[in-house]
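I opened my notebook for a friendly look through one structure.

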Amino acid sequence: MTMTTAGNELADNLCLMRCLMSPDLAQPSLLKGWSAEEGALYCGEGAQRLGGLFDAFFESYWREFSSLRQVEWRGTLYGAARVTLLRRDAESRDEQVLAQWCGHGGDEGALVVLSVPLAEAGESSLQIEIDDARGATLRAMGWCAPVPPPRQVRLGLVITTYEREAFLRENLKKLAGQLSDHELLIVNHGAPGLGERLSDAAPSHMPVRFIDQENRGGAGGFTRGMLEHYCAERASHIILMDDDIDLPTDIVPRMAAILAWSDKPFCVGGAMFDYHARSHLFSAGDYLQPGGFGIHHVAPKGGCDVADATGVDFLARIHKPDFNGWWCFALPLEALDIVGLPMPCFIRGDDVEYGYRLKRAGLPTVGWPGIAVWHLPFAAKSAAWHMFYDRRNSLFANAIHRRVGRSAAIRKLLAGFYHHLLRYDYDRVRAMTLGICAFNAGPAAMAAWTYREHNALLADTRRHGDAALASIGTVHSMAEPRRLHGLRRSLTMKGRLLADLLLPRRKTAALSLPPDTVWRPDYVSRPSFVVEHDKDGNIRGAFRYDRWATWRALWLCACALTGMMRYFAQPVPLAHVPKLR
């Protein structure tokens with residue numbers, strides 16, 4: 001424990017992570033009496049804790065995945081206070097005092113250093129508590145290493161964008177001060193001239209380059225960026241980020257510190273938080289469901305709010321996901337030599353297959369706490385055409401990795417098909433069937449897919465929905481629906497499919513579900529015309545029974561599945577980078 005006269009900045013070559021008072025993720029119960037202004041924290045009444053997502057030091061991750069074995073917390077104190085370093089067990093929530101300093105920093109400020117070796121076992125975080133504060137102020141706080149890192153890293157960032165200039169402008173402003181030793185590449189699939197339009201957000205000294213290209217989807221944009229950094233041979237690692245995120249102001253130096261101390265090859269995934277509910281975790285990585293490419297998020301079933309200490313405890317536990325979304329994902333440059341390039345699937349599923357491929361090649365993904373972004377919730381962007389890419393891309397991924405057998409795949413595909421057919425969602429059924437047909441067309445057709453085919457898909461999978469919306473007319477309210485269960489549900493669902501095919505149903509006026517209720521085919525009451533509304537009362541979708549559409553969908557699906565049985569195990573060649581080394 002050390003106290004010396006200090007300046008206001010941490011030594012950059014020693015800093016692992018700065019402590020940030022994030023208004024988005026602050027813990028109200030632990031931070032009462034604090035305010036943030038110009039990087040300073042002003043002490044209030046009572047004990048105050050720096051134990052949030054961006055303040056705690058997640059020692060179990062540093063011990064497991066790095067060569068770091070000693071860490072220091074440093075801060076410049078003005079005024080009097082007692083500063084305590086604690087270890088919090090993520091499972092039991094027990095806390096242990098490890099080091100403490102008590103005194104007065106005076107008007108010139110004093111450097112407070114609390115040093116501790118990392119725990120040899122367990123899942124825990126290190127946190128700072130300040131009490132006995134009398135008008136004290138803390139500045140330039142952070143977790144530091146007592147020695148320089150064993151290696152230097154240079155990051156090559158890639159953002160693929162399509163008509164998201166407002167988001168991009170704000171993130172460029174945040175990245176401007178983080179890229180002194182790193183480079184940013186923005187692949188633009190929207191209107192050309194993006195660099196000129198964003199020149200005010202990207203000053204001339206900022207190491208950023210814009211590339212305008214034909215829209216090849218997120219997969220094509222990220223692949224272009226990865227290739228550009230690979231061929232330039234300046235970056236040691238690549239970071240992939242979405243264009244519709246809000247990122248912290250120090251995510252690049254945090255990522256660089258982690259990779260500089262890593263003692264084994266791995267990838268780093270950033271957690272995704274809800275853009276609108278800022279402290280709510282969506283995912284800290286994802287697991288593949290056994291025997292398939294469905295996914296489970298690394299998140300508690302009951303939700304995870306890091307404004308509460310238990311939410312931080314969840315992230316302190318060591319999770320080992322199969323992959324991480326490319327809203328924020330870092331991989332070593334040599335991974336391209338080992339596993340090649342992402343699957344050319346345009347959008348949706350590139351991160352899933354590539355992350356799993358990396359894991360199988362010995363480059364697992366680590367969802368590191370403190371690396372996080374805010375992202376628009378996916379539920380708000382759900383559309384029928386997504387089913388095309390989900391079905392096509394998962395079938396190609398399975399042809400590569402062989403996680404599902406032919407008969408099991410058919411059962412899974414039919415289950416989804418019947419579900420949406422019975423809810424009169426003919427557009428989703430159409431998209432699913434087209435996805436299977438696209439798989440049958442082979443990997444060369446997938447690689448040749450462009451925005452032209454994508455636009456045709458959009459038009460082809462919104463016909464029934466648009467027609468139903470146009471014919472709504474008078475809408476009657478529907479009572480809160482009740483669901484069928486057990487054997488009754490199974491028998492009723494089979495009977496409903498036969499009735500839809502063989503017995504023309506009487507067309508009724510539109511019935512409106514309660515707000516924010518999803519239309520399901522296993523409700524006790526099953527009208528022939530249903531309207532969904534969001535939580536604000538706006539129409540979200542309309543579904544209307546059509547006997548001939550049901551027959552046609554069933555026939556096309558049967559043809560597609562027959563073809564899939566033939567092409568199920570087709571070889572899928574993967575592109576490799578040019579051998580420059």
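Here are my entries, in the order I made them.

**Entry 1: the model.** I noted before anything else that this is a predicted model.

**Entry 2: aromatic pairs.** I looked up the ring pairs and found 24 aromatic pairs in the structure. I began with Phe222 and Trp326, whose ring centres are 5.4 Å apart. Their planes stand at 85 degrees, and over 60 degrees counts as edge-to-face, so I filed the pair under that heading.

Where do Phe222 and Trp326 lie? I found Phe222 in helix 4 (residues 217–232), and Trp326 in the loop between helix 6 (309–316) and strand 19 (328–332). The pair therefore ties together parts that are 104 residues apart in sequence.

Then I checked accessibility. Phe222 has a relative accessible area of 4% and is buried. Trp326 is also at 4% relative accessibility and counts as buried.

**Entry 3: a pair of neighbours in number.** Next I looked up Phe388 and Tyr389, which form an edge-to-face aromatic pair. I wrote down 5.0 Å from centre to centre and 90 degrees between the planes. Buried or exposed, I wondered, is Phe388? Phe388 counts as buried, at 3% relative accessibility. Tyr389 is buried as well, with a relative accessible area of 0%.

**Entry 4: charges over rings.** I looked for arginines above ring faces. Arg278 lies over the face of Trp374, 4.4 Å from the ring centre. Arg403 lies over the face of Tyr356, at 5.1 Å from the ring centre.

**Entry 5: two helices.** How do helix 10 and helix 11 cross? I found that the axes of helix 10 (residues 406–422) and helix 11 (residues 426–440) come within 8 Å and cross at roughly 155 degrees. Angles over 145 degrees count as roughly antiparallel, so helix 10 is roughly antiparallel to helix 11. I marked the crossing of helix 10 and helix 11 as left-handed.

I then listed the residues in contact. Helix 10 contributes Leu413, Gly416, Phe417, His420 and Leu421. From helix 11 come Tyr426, Arg428, Val429, Met432, Thr433 and Ile436.

**Entry 6: a loop residue.** I ended with Ala47, in the loop between strand 4 (40–42) and strand 5 (48–50). Ala47 counts as partly exposed, at 46% relative accessibility. Ala47 and Tyr287 are 240 residues apart in sequence, and I noted 39 Å between their C-alpha atoms.

Note on methods: Residues numbered from 1 in each chain as written. Predicted model: local features only at pLDDT ≥ 70, side-chain atom pairs only at ≥ 80, totals over all residues. Heavy atoms only, no water. Phe/Tyr/Trp six-rings, centres within 6.5 Å; stacked < 30°, edge-to-face > 60°. Helix = DSSP H or I, 4+ residues; strand = E, 2+ residues; numbered from the N terminus. Buried < 20%, exposed > 50% of the residue type's maximum accessible area, 1.4 Å probe, protein only. Lys NZ or Arg CZ within 6 Å of the ring centre and 35° of its normal. Axes fitted to C-alpha atoms, helices over the stretch in contact; angles between N-to-C directions. Parallel < 35°, antiparallel > 145°, perpendicular 65-115°, else oblique. Left-handed = near helix turned anticlockwise from the far one by under 90°. Contact = heavy atoms within 4.5 Å.
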